[in-house]
Amino acid sequence: MTSALFTADPTRLQEAGTDFGRYRRGSPALLAQPRSLAELQGIIREAKAAKLKITPRAPGYSAFGQSLPSRGLALDLRALGGVLGVTDDSIEVEGGVTWEAVVRASVPHGVMPPVLPLNLAISVGGLLSVGGVGSSAHH
């Protein structure tokens, strides 16, 4: 890979190969941490050209290995964790943003998501990637 955004540092790869549940371990070949949409697009282009399987992740709160890559690219989206806008009926966010950040940004506007996970440290993208539901999602 030609981009300076990729690393094969063993310590960082080991971290990217572990999730909250610690029942399973992943074995990523590379790790990338884009800081912008343009960087993300470039990373995806390079990974596609190299035929690397991409596993997106943020805090890695999956319990059974859903966020763990196997010999591919671990795509850490935590730096893409912004709240882009809040209106009376919507909140626009990046995929790596945590639900805690969503609540903190929406409450001053007098709005809040109607359903929240029990653990606000998980990312919006992570929750949606597993169907947007969990044992603590009630409505």
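A nonpolar core is a set of buried Ala, Val, Leu, Ile, Met, Phe, Trp, Tyr and Cys residues joined through side-chain atoms within 4.5 Å. Keep that in mind for the exercises below, and remember that the model is predicted.

**Exercise 1. Get your bearings: how many helices and strands does the protein chain have, and in what order do the elements run?**

Step 1. Count the elements: there are 4 helices and 6 strands.

Step 2. Walk along from the N terminus, and you read β-α-β-α-β-β-β-β-α-α.

Step 3. Now the overall dimensions. The C-alpha atoms fill a box of roughly 45 × 35 × 20 Å along the principal axes. For 139 residues, a compact globule would have a radius of gyration near 14 Å, and the chain's 16 Å agrees with that.

Step 4. Of the 139 residues, 37% count as buried. Take the contacts with a separation of 6 or more: 52% of them come from residues 24 or more positions apart.

**Exercise 2. Find the largest nonpolar core and say which element gives the most to it.**

Step 1. Collect the members. There are 11 residues in this core: Phe 6, Leu 30, Ala 32, Leu 40, Ile 43, Ala 47, Leu 52, Leu 73, Leu 75, Leu 77 and Leu 80.

Step 2. Sort them by element. Two or more residues come from each of β2 (30–32), α2 (37–49) and β4 (73–76). The top contributor is α2, with 3 residues.

Step 3. Look for another cluster. A second, separate core holds 6 residues, among them Val 97, Trp 99, Val 124 and Leu 127.

**Exercise 3. Work out which strands β4 pairs with, and which way its side chains point.**

Step 1. Start with β2, which runs parallel to β4 and is joined to it by 3 bridges. Here Leu 31 has Ala 74 as its bridge partner.

Step 2. Move on to β3 (residues 54–57), which pairs with β4 over 4 bridges, again in the parallel sense. On this side, Thr 55 stands opposite Ala 74.

Step 3. Check the faces. In a regular strand the side chains alternate between the two faces of the sheet. In β4, Leu 73 and Leu 75 point one way while Ala 74 and Asp 76 point the other, and all are buried.

**Exercise 4. How many salt bridges does a search of the whole structure find? Describe some of the pairs.**

Step 1. The search turns up 4. Side chains of opposite charge can pair when their charged atoms come close.

Step 2. Take Arg 78 and Glu 15, whose closest N and O atoms are 3.5 Å apart. This pair ties together distant parts of the chain: Arg 78 sits in the loop between β4 and β5 (83–86), Glu 15 in helix α1 (residues 10–16), 63 residues apart. Arg 78 is partly exposed, at 41% relative accessible area.

Step 3. Next, Glu 39 and Arg 35 meet at 2.7 Å, N to O. Is Glu 39 buried or exposed? Its relative accessible area is 19%, and the cut-off for buried is under 20%, so Glu 39 counts as buried. Arg 35 is exposed, at 58%.

Step 4. Then there's Arg 104 with Glu 100, at 2.8 Å between the closest N and O atoms. Both lie in helix α3, 4 residues apart, about one turn of the helix. Arg 104 is exposed at 59%, and Glu 100 is partly exposed at 35%.

Step 5. Look for shared partners: Glu 15, Asp 76 and Arg 78 are joined into one network.

Technical notes: Residues numbered from 1 in each chain as written. Predicted model: local features only at pLDDT ≥ 70, side-chain atom pairs only at ≥ 80, totals over all residues. Heavy atoms only, no water. Buried < 20%, exposed > 50% of the residue type's maximum accessible area, 1.4 Å probe, protein only. Salt bridge = Lys/Arg side-chain N within 4 Å of Asp/Glu carboxyl O. Pairing = 2+ DSSP bridges. Rg over C-alpha atoms; globule rule 2.2 N^0.38 Å. Contact = heavy atoms within 4.5 Å.
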